[in-house]
Amino acid sequence: MSSSAFAAPSQRQRTTLAWVVALGAAALTFDGYDLVVYGTVVSGLLRDPSQIGQLDPATAGALGSYALIGVMVGALASGAIGDFVGRRKVMLLALAWFSVGMAATALTTSVTLFGAFRFFTGIGVGALVATAGAIVAEFAPKNRRNLCNALVYSGVPAGGVLASLLALGFGNGLDWRPLFWIGAVPLVTILPLALAKLPESPMWLLSRGRREEAEELSRRTGVVLPETDPTPAATRADGAPRERAGFAGLATRRFALPTALLGLMSFAGLLLTYGLNTWLPEIMGQYGFGKAYSLTFLLVLNAAAIVGGLVAAATVDRTGPKRIIAGTFALAALALVLLTFHMPFAVLLTAVGVAGVGTIGTQVLVYGFVSNFYTTPTRAAGVAWCAGFGRLGGILGPLAGGLLLSAGVTGQAAFWIFAVVALLGAVVTALVPRPAAHEETLGAAPTHDGEAEPALR
């Protein structure tokens, strides 16, 4: 590994990283907004058939899942092409795609069109969520990658906070169309900035054998390239086969088992994230809380996830993610069980906040774990797999919640089911093997003897 791997970043590199992190966080804020805003309006749509038509809880749950099916499609599609066409192109297309989808959704007047445009929007969301971690991991210093990923992916719960606050301002979510128009704002704000300020990843150019372009971009961005070419296709100069790129690389002996376990981690995290974001207001309404109070619970769930996720990410860069993620999953299980008891309002808010840290905050950490686990030629595919397969859990969360409520199952039972999922997430996390060493020493941190050790324990 280059001796500069742990050198202090230059001013140019810090500026480039600041733009990459800021643009990624801003984009994912609107991604989080898009996926949470439905939970803020679903109660109003259930009670007012004049908006998009007659809804029952099962149909409403299905509508919540359509966007997540789109996210899965978009994530997997971006993984199939992101390691071959580049990170920047995928991010720019995804920004435009989901903005147009949000605007189109705001114009719908039927359940069918509403569901179709939620699916369309989800494709753009999935592509962006899957690509953001890959590009940030390739610009961040090696011993700060988890924190930088957490800063970017904290945009998702920040979007949930924004959706909750705006829903409170728009008739507690009853005036839903302006809420969806707001989701189209990135088309005229973030996208133009990204066109001007978001560079391609020099590490990705190097992985495709485009060393001259990578070196030129390295000079402009300040990103330090390794002394050896980590990944072009075909064979290396010494005749040895080069590492497979994309999803083919995930199917190798080196990555197959970890990829399956990381996908299951994301499955559990996203089932909890979107199950709670979609149905928490409705469940708390069963406990006797009015609409405004129920949206407050949603606000606390996401706000606590931001703070808790960032604090945990700072710890992860020192201790490794496995123990932290397993611990936050277990913390979520405990908090969800506590929500089944009738407790004072302040105590319930605290439990909801802890649940937010252990569910949404945990998913923020999972993305950082995955981004740093893979090498450059497999990173976009690895993050895409995590985001895409995990979306099966995200799809199941809203759908299962709707089916349970339609069947007359109480909110108390739903919380118990979510708690079991959180415990299973902790178990799967503990089973993820330590990554094999590779040229980039991803997520590495210097040890006491000066050697680099992957911070993925």
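Reader: In which helix is Ser266 found?

Author: This is a predicted model, and in it Ser266 is found in helix 12.

Reader: What makes Ser266 buried or exposed?

Author: The relative accessible area of Ser266 is 0%, and a residue counts as buried when that value is under 20%, so Ser266 is called buried.

Reader: Which residues does Ser266 contact, leaving aside its neighbours within four places in sequence?

Author: With those neighbours left aside, Ser266 is in contact with Gln363, Val366, Cys386, Ala387 and Gly390.

Reader: Why is helix 12 called roughly antiparallel to helix 15?

Author: Helix 12 (residues 256–286) and helix 15 (residues 345–373) pack at an angle of about 150°, their axes lying 10 Å apart. Since angles over 145 degrees count as roughly antiparallel, that is the term used for helix 12 and helix 15. The crossing in which helix 12 passes helix 15 is left-handed.

Reader: Which residues make the contact between helix 12 and helix 15, and what classes do they belong to?

Author: On the side of helix 12 the contact includes Ser266, Gly269 and Leu270, while on the side of helix 15 Gln363, Val366 and Tyr367 are among the residues involved. By class, this contact of helix 12 with helix 15 has 16 nonpolar, six polar and no charged residues.

Reader: What makes helix 1 and helix 10 roughly perpendicular?

Author: Helix 1 (residues 11–47) and helix 10 (residues 211–221) pack at an angle of about 95°, with their axes 7 Å apart. Angles from 65 to 115 degrees count as roughly perpendicular, and therefore helix 1 and helix 10 are described that way. Their contact is made by Arg12, Gln13 and Thr16 of helix 1 together with Arg219, Arg220 and Thr221 of helix 10, which by class gives no nonpolar, three polar and three charged residues.

Reader: Where is Thr340 placed, and how do you know whether Thr340 is buried or exposed?

Author: Thr340 lies in the loop between helix 14 (321–338) and helix 15. Its relative accessible area is 3%, and because the limit for a buried residue is under 20%, Thr340 is buried.

Reader: What does Thr340 touch, not counting residues up to four places away in sequence?

Author: Thr340 touches Tyr287, Gln412, Phe415 and Trp416 under that condition. Thr340 and Tyr287 are 53 residues apart in sequence, and their C-alpha atoms are 9.7 Å apart in space. The side chain of Thr340 also reaches the backbone oxygen of Val337, at 2.5 Å.

Reader: Why is Thr131 called buried?

Author: Thr131, which is found in helix 4 (residues 111–137), has a relative accessible area of 5%, and since buried means under 20%, Thr131 is buried. Not counting residues up to four places away in sequence, Thr131 touches Ser78, Arg87, Val90 and Met91.

Reader: What does the chain come to in helices and strands, and what percentage of its residues is buried?

Author: The secondary structure of the chain comes to 17 helices and two strands, and buried residues make up 59% of its 457 residues.

Technical notes. Residues numbered from 1 in each chain as written. Predicted model: local features only at pLDDT ≥ 70, side-chain atom pairs only at ≥ 80, totals over all residues. Heavy atoms only, no water. Axes fitted to C-alpha atoms, helices over the stretch in contact; angles between N-to-C directions. Helix = DSSP H or I, 4+ residues; strand = E, 2+ residues; numbered from the N terminus. Parallel < 35°, antiparallel > 145°, perpendicular 65-115°, else oblique. Left-handed = near helix turned anticlockwise from the far one by under 90°. Contact = heavy atoms within 4.5 Å. Nonpolar A, V, L, I, M, F, W, Y, C, P; charged D, E, K, R; others polar. Buried < 20%, exposed > 50% of the residue type's maximum accessible area, 1.4 Å probe, protein only. Polar contact = N/O pair within 3.5 Å; in protein donor to acceptor, adjacent residues only side chain to side chain.
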